[in-house]
Amino acid sequence: MHDMVRRTKEEAEQTRCQILAAARRCFHARGVSATSLEHIAQEAGVTRGAIYWHFANKEELFKAMCDEVELPLMDRTDFTLLQDKNHEPLERLRNFMNELADAVLQASPLRQTVEILNYKCEFVGPMGHGLEQHLAELREFREKLLRVYRDAASAGQLRAGLDPQLAAMESMYFLIGLLRVALIDEQGDLVRRDLRALIDAHVQGRRRVG
């Protein structure tokens, strides 16, 4: 009996993963608004009933798809940005930006998800809740960057006259814009070829001279 219950749970989890992977492929190929649960069911090789067993609607499925790849990434990069005591604050910032760029730009479910969020999704109607979540995540990210810049200021590493609050906002917008362009820069002549140099220059420009 115990083995049967365990197998049932494993099969349910496998089906859930199939649905999430199929949703990601469909959203990436069709766009979120043009993708129906029927499209996802066909792609996953399951019934619509199987989707409803795991997810209440397309919006809940979309959120789960994002969380599946974003939460592990943020756990990993949070260590680099906030907890790595082997590097000083601005070095942690540089390492974080490079690590995030490497993770987002390699061919992976994470990259597909980021491309969906940036180029294949309309945050209107029922998907409006996704925009609220995105804004909350941006505010949380800004606060993390602010912690780094305050640490840098306390350590005497920040350029004179640079306000940590403004520096955090500037770094957030710099990184978001950089990654948005890099995702579509297939030829590499806009930012990809010089990605690390751009990140180095951005961080170095915040460092105290002398």
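Modeller: A salt bridge is counted when a side-chain nitrogen of Lys or Arg lies within 4 Å of a carboxyl oxygen of Asp or Glu. The general idea behind the term is that side chains of opposite charge can pair when their charged atoms come close. In this predicted model, the side chains of R24 and E68 form such a salt bridge, with 3.0 Å from N to O.

The domain assignment divides the protein chain into domain 1, residues 1–55, and domain 2, residues 65–206. The C-alpha centres of the two domains are 30 Å apart. Between domain 1 and domain 2 the count is 1 salt bridge.

The interface also includes other kinds of contact. On the side of domain 1, 8 residues are in contact with 12 residues of domain 2. Those residues of domain 1 comprise 4 nonpolar, 3 polar and 1 charged. Across the interface, 7 residue pairs are found in polar contact. The area buried between the domains is about 970 Å², and carbon and sulfur atoms give 61% of that area. In domain 1, the residues that lose the most area to domain 2 are R24, H28 and V32, which together account for 67% of what that side buries.

The surrounding chain gives the setting. The protein chain has 9 helices and 0 strands, and its C-alpha trace spans about 65 × 45 × 30 Å along the principal axes. From UniProt, an unreviewed entry places the feature "domain: HTH tetR-type" at residues 13–73. That stretch is 80% helix and 0% strand, with its end C-alpha atoms 21 Å apart. The unreviewed entry also carries the annotation "DNA-binding region" for residues 36–55, a span that is 75% helix and has its end C-alpha atoms 13 Å apart.

Finally, the salt bridge counts may be set side by side. The rule gives 16 salt bridges, while the count between domain 1 and domain 2 is 1. Another example is the pair R76 and E99, whose closest N and O atoms are 3.5 Å apart. R76 lies in helix α4, residues 58–83, and E99 in helix α5, residues 89–105, so this pair ties together parts that are 23 residues apart in sequence.

How values were computed: Residues numbered from 1 in each chain as written. Predicted model: local features only at pLDDT ≥ 70, side-chain atom pairs only at ≥ 80, totals over all residues. Heavy atoms only, no water. UniProt positions renumbered as here; feature names shortened; annotations may be inferred. Helix = DSSP H or I, 4+ residues; strand = E, 2+ residues; numbered from the N terminus. Domains from an automatic or database assignment. Contact = heavy atoms within 4.5 Å. Buried area = accessible area lost by both parts, 1.4 Å probe. Polar contact = N/O pair within 3.5 Å; in protein donor to acceptor, adjacent residues only side chain to side chain. Nonpolar A, V, L, I, M, F, W, Y, C, P; charged D, E, K, R; others polar.
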